[in-house]
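These notebook entries record what I looked up in one structure.

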Amino acid sequence: MPNRKASRNAYYFFVQEKIPELRRRGLPVARVADAIPYCSADWAKPVFTPLRKPGMLVPKQNVSPPDMSTLSLKGDQALLGGIFYFLNIFSHGELPPHCEQRFLPCEIGCVKYSLQEGIMADFHSFINPGEIPRGFRFHCQAASDSSHKIPISNFERGHNQATVLQNLYRFIHPNPGNWPPIYCKSDDRTRVNWCLKHMAKASEIRQDLQLLTVEDLVVGIYQQKFLKEPSKTWIRSLLDVAMWDYSSNTRCKWHEENDILFCALAVCKKIAYCISNSLATLFGIQLTEAHVPLQDYEASNSVTPKMVVLDAGRYQKLRVGSSGFSHFNSANQEQGSNTPIGDYPSRAKISGQNSSVRGRGITRLLESISNSSSNIHKFSNCDTSLSSYMSQKDGYKSFSSLS
Amino acid sequence: MSGRARVKARGIARSPSATEVGRTQASPLPTSIDLSNNEASSSNGFLGTSRISTNDKYGISSGDAGSTSMERGVKNKQDFMDLSICTREKLAHVRDCKTGSSGIPVKLVTNLFNLDFPQDWQLYQYHVTYVPDLASRRLRIALLYSHSELSNKAKAFDGAILFLSQKLEEKVTELSSETQRGETIKMTITLKRELPSSSPVCIQVFNIIFRKILKKLSMYQIGRNFYNPSEPVEIPQHKLSLWPGFAISVSYFESKLLFSADVSYKVLRNETVLEFMTALCQRTGLSCFTQTCEKQLIGLIVLTRYNNRTYSIDDIDWSVKPTHTFQKRDGTEITYVDYYKQQYDITVSDLNQPMLVSLLKRKRNDNSEARLAHLIPELCFLTGLTDQATSDFQLMKAVAEKTRLPPSGRQQRLARLVDNIQRNSNARFELETWGLHFGSQISLTGRVVPSEKILMQDHICQPVSAADWSKDVRTCKILNARSLNTWLILCSDRTEYVAESFLNCLRRVAGSMGFNVDYPKIIKVQENPAAFVRAVQQYVDPDVQLVMCILPSNQKTYYDSIKKYLSSDCPVPSQCVLARTLNKQGMMMSIATKIAMQMTCKLGGELWAVEIPLKSLMVVGIDVCKDALSKDVMVVGCVASVNPGITRWFSRCILQRTMTDVADCLKVFMTGALNKWYKYNHDLPARIIVYRAGVGDGQLKTLVEYEVPQLLSSVAESSSNTSSRLSVIVVRKKCMPRFFTEMNRTVQNPPLGTVVDSEATRNEWYDFYLISQVACRGTVSPTYYNVIYDDNGLKPDHMQRLTFKLCHLYYNWPGIVSVPAPCQYAHKLTFLVAQSIHKEPSLELANHLFYL
């Protein structure tokens, strides 16, 4: 039926979304056509689907999605252009507290990043850890083997600590003036701080860098944008993502060649990707190669944390509201069309993937519910989820046909 | 040999500050005297060391043995902490009787022995003070033991606390001795406590006594166990030798004090580190010798036969040679060569070898800097098995043949140990002076509970053996399977052919099980982890039900990266298979069957069930594990059944940042599980039984006071009117007792389903042993269950049978397993997360056994 699709306008989807609610009210609605009379009044009202109660459907959702009413483009500009540095220093393990030397810095990675531009520059170097304290070779070796696998001795790539630090300073602070803030993950902060101090001691350059945590940065950006604080779980899930582990141009050359996941540069770049992917898109920024590894991205955008966070009705609203998404979406579609898989037309493919996480959950939920005997109380729940699934999936289609 | 020799043998390089001995044991004295004491003790610093060469004069050796084991006894204190937790008295229904009665009685022999002592036996605890104060514990002991009042009494002394089995005449006894330097030391022995034989302190002292006795049988303590180097079992073809030995303990069981002993082996290699180095040097050449040598040796454990001590190699010092000198504790310099000659009469032949460096464990409350010991490679023997060795099938088989003793062999070894203790005059004397008498081996009556029927879809099957019913159910359909329509197979070019043939086999096998498997989309990828992950990212869309990856090698990164992505970022069940496994042509059918069963479970299917008479029962399994990457992260796995048939499970894994093995997050989990149950059954479960595994020694109190309340409160909050009744059972796979059945004048493993709930259990607990596994070789070990909380009021009989039934429900193995299925599931889940995923798996997978 070729013309059936054409008949699906926004009102169709609106009605479709309403069907479960009508059913719950006990109205005999089997199809969209049946429901139209009941919905006309609502259509006139401004549609703003209230937040669904965080259910068991997609537990990740219990992070409250951004409140769109506070969306304002004022003041964003400063935030968008703001430059952050993400820094990480790897060590050959951590020595016990009674040792004077707690860490043995061996690799450093740093990226210059802004929400607008993505990764602007990166810095990477191996560090000569110096003499390993007598008796701790095993300890250090074991720590290295379980993570970055950088050899603890006879590794000619390691640079002198003073040189590395000088280069880092030159990277962060090429011109006189204020030093920019440096960020690292809170778990790594003690180590990075210690290593910086240690290297400074060795090189006799004194410059106390201000080391802040990425988690606080995310909270800050989020707060500035949406005027409320995101949950810790949400931030953790935002930053702790495995999808870019193998992305090209993420690890340093040595780690890439040896196919080792733990790389100081990769940690910094992945922070940048995560922030781009989940926060920059909220600002309506078109993601570029500098934001995320796009060539890998098109296949995996089904799991961008943002997609998971938003609920169906809200999502539709958001997309209409912000122009950035359409760019983002079309960029993906172009790439997506190269690999036609599944039954979706290539333009709609992305939307199908977007619903992946949720769709599966619902089919399973439905199955599990149909397996157990029927329950009125729970049935309504399942109905709403069905509707959100449908409307979401089709909502994308409608959107892509709009754009 | 005395402890000093040991210390010296390590060639300790101590900084001067570290030699200062803290006088922690000093009793509070008036400050005026304290000053002079300081002087005295500092001058005694050298006295202590110079004096010890005259060991024999003071009869130090026996005292020393006592004191070192005393120290160990304190370390083992945690074991005894559990004993003071009396959970049974709070459980009204088992207060009088906790034994069951159903099942066929079976006579069992145990590895427990009676330990008799007079009715009025008492232990006297004294405190000893020295004036002027002495820092050296060795000297304190020597001085005290030289007194005739004590010389023929049974005693244990650690430098401050003295235990005697006979009371001294006075409450406060004053003694004085003269040191070799002519100083007069006054000792005051004050009676502190009189302890009845049931006191936990006595148990500690009993353990110390037995450690002494085993030493007298010329056994050496390595770790916690005792080994006999004089009767090694050789495996010449693999250059290995095994030292036979025992793990022993003394404790109170149901009503009596019992001694238990279990056979243990220490694996040693008949190769010194120097020989290893020479061989390595010949293989690799000099150019990269030091690097390969460091790579291969560092981290290994060596044993020095001159003192039978073990050390770990933490470093190799290439700059130090045996001809170099080191400073002894008294400050004199001596070369390593001379030292070993003097001390042990050992001649070091290779004077150019480097030295191994071992970081010594720091003593408690000792914040001094790390102490290093230099060891000579020529004198160090490698111990344990390398990874290379453990993957050598022939070698492992040879080792297993020697170490996995059948019950009869074990019984013989036990009999010999007992015989030795009773014949050796020294050992017997030690026992007798303490007033103890070594009694007979305990035999008791257990019960064999009836075997279980396995319920399949249209068939009830009575397996020939509960150990493995795969043959019995081969023709039966499984309970419930979702059909697999859209799925992917990822394989490399090389494995494409084998993947095809495996797929055919899988579809055939699955069909006969009642599991419909459609033809998948097969994707060929390059042989590297990144390619696999990219392919997964690219091809997994919402309709994909399952991803199967045929991995070209068992390199951990393949598995880890795929599992990590597919269980948290993009939650889809995944099945990894090694290409090597699929190449085993003859076994294709059984491999395919196993994989088909796993896949069914991963899709949310159910394989089989057993009859559970209790309706509305939820069983929960909890296990904990440390994360492999970050040691301060605890992985807590919780698995709860969500249907009355106990065939479907809700699994959740929570990571917590704590240093202890105690679960913090049980409330979150229980609430979730109860919600799930409510969703499926429209009611809350009437009974909840929690099996908690992964409990270490000394944690019982925390469990009772911290975890049980979490569970209780979540259960109470879930419903306003009638809340579910809860039981909490601690499951331990490792326990001391072993049981054998006597048959045709020889002993054998007891049959499956044997329950022991008397004599070998503890009076203060509601506990039992259950044998729910089969040992094809060696001796079966029972699983120990301790019910620490019980609202359900099930009869012990029912509790035991229910536990046995639950051991049948582990879907990864068509047979009975050693612990209840929820525990095994929780274990499997925590293991996957701790080893590969390192974060919480997506909750969308929680309804599936995605981790099988």
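**Entries on chain B**

I noted that B:Asn744 is exposed, with a relative accessible area of 73% (exposed means over 50%, buried under 20% and partly exposed in between, with a 1.4 Å probe and protein chains only). Its phi is near 50°, a positive value in a residue other than glycine.

The model is predicted, so local features need pLDDT of at least 70 and side-chain atom pairs count only at pLDDT 80 or more, whereas totals for chains, interfaces and linings use all residues. Residues are numbered from 1 along each chain as its sequence is written, chains are lettered from A and ligands numbered from 1 in the order written, and side-chain values use heavy atoms, without hydrogens and water.

I next looked up B:Ile646, which has a positive phi near 55°. B:Ile646 is buried, with a relative accessible area of 0%, and lies in the loop between S28 and S29 of chain B (strands are DSSP runs of E, at least two residues, and helices runs of H or I, at least four, numbered from the N terminus).

I then checked the strands: 8 bridges join S28(B) (residues 634–641) to S29(B), and the two run antiparallel (pairing requires at least two DSSP bridges). Of the 8 residues of S29(B) (residues 649–656), 7 are buried, so the strand is largely enclosed by the rest of the structure. B:Val639 stands opposite B:Ser651 in S29(B).

Last, I recorded a cis peptide bond between B:Val131 and B:Pro132, with omega about -10°. B:Pro132 lies in the loop between strand S2 (122–131) and helix H6 (137–145) of chain B.
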